[in-house]
Amino acid sequence: LLFKSQLRRLTRRRGFNMSREDKMVSQPSHYSDGEIECIDAMAAAFGRDKVNAYAEINAFKYIWRMNRKNSHRAQQDKQKAIWYLRYSMDDDPRLKE
């Protein structure tokens, strides 16, 4: 419980409205326990540098497979790749600009 409370403090973000489609790219519910997102727990556990490297690799994965899907899914994979590339450059897409 202490770990979760520390993560909550570290990961508080300014809120903004997202469409359901945007949430599937930026904050899918299956990557959260309701309060903390998996990527934030990873950063707390492994450090931001390692998670940035993971994000770059994950972007590669989405680009690699995007043309093997229907056009809607390919577009979503492209958006996810962009999301992970931004995150890897310390530009967290979840934060309102």
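A polar contact here is a pair of N or O atoms within 3.5 Å; within protein, one must be able to donate a hydrogen and the other to accept it, and residues adjacent in sequence count only if both atoms are side-chain atoms.

**Ground rules**

I am working from a predicted model, where local features need pLDDT of at least 70, side-chain atom pairs count only at pLDDT 80 or more, and totals for chains, interfaces and linings use all residues. I number residues from 1 along each chain as its sequence is written, and side-chain values use heavy atoms, with hydrogens and water left out.

**Entry 1: Ser88**

I started with Ser88, which I found in helix H5. Helices are DSSP runs (H or I, at least four residues), numbered from the N terminus. I looked up its side chain and found that it reaches the backbone oxygen of Leu85 at 2.7 Å. Ser88 counts as buried at 10% relative accessibility. My cut-offs are under 20% relative accessible area for buried, over 50% for exposed, and partly exposed in between (1.4 Å probe, protein chains only).

Next I listed what Ser88 touches, not counting residues up to four places away in sequence: Asn52, Ala55 and Glu56. Contact means heavy atoms within 4.5 Å. I also checked Ser88 against Asn58: they are 30 residues apart along the chain, and their C-alpha atoms are separated by 9.9 Å.

**Entry 2: Asn52 and Asp90**

I moved on to Asn52, which sits in helix H4 (residues 48-65). Asn52 is buried, with a relative accessible area of 9%. What does the side chain of Asn52 make a polar contact with? I found the side chain of Asp90 there, at 3.3 Å. Leaving aside neighbours within four places in sequence, Asn52 is in contact with Tyr87, Ser88 and Asp90.

Is Asp90 buried or exposed? At 54% relative accessibility, I have it down as exposed. Asp90 lies in the segment after H5. Most residues other than glycine have a negative phi.

**Entry 3: Arg48**

Arg48 is also in helix H4, and I logged it as partly exposed, with a relative accessible area of 30%. A polar atom of the Arg48 side chain lies 2.9 Å from the backbone oxygen of Tyr87. I noted that these two residues are 39 residues apart in sequence and 10.0 Å apart in space, C-alpha to C-alpha. With neighbours within four places left aside, Arg48 is in contact with Ala43, Tyr87 and Asp90.

**Entry 4: H4 as a whole**

I checked the span of H4: 18 residues, reaching 26 Å from first C-alpha to last, close to the 26 Å expected at 1.5 Å a residue. The expected span is 1.5 Å times one less than the number of residues.

Which residues of H4 are buried? I got Val51, Asn52, Ala55, Asn58, Ala59 and Tyr62. They cover an arc of only 120° around the axis, so they are on the same side of H4. The arc is that of the directions from the helix axis to the C-beta atoms. These buried residues pack against H3 and H5. On the face turned away from the buried side I found the exposed residues Asp49, Lys50, Ile57, Phe60 and Trp64.

For Ile39, leaving aside neighbours within four places, I listed contacts with Val51, Trp83, Tyr84, Tyr87 and Arg94. Met42, in helix H3, counts as buried at 19% relative accessibility. Met42 touches Gly47, Val51 and Tyr54, not counting residues up to four places away.

In H3 I found Ile39, Asp40 and Met42 buried. Seen down the axis, they fall within an arc of 155°, so they line one face of the helix. Gly47 follows H3, with a positive phi near 95°.

**Entry 5: Glu37**

Last, I looked up Glu37, placed in the loop between helix H2 (20-26) and H3. Glu37 is buried, with a relative accessible area of 9%. Its side chain makes a polar contact with the side chain of Arg94 (3.3 Å).

Terms used: Helices (H or I, at least four residues) and strands (E, at least two) are DSSP runs, numbered from the N terminus.
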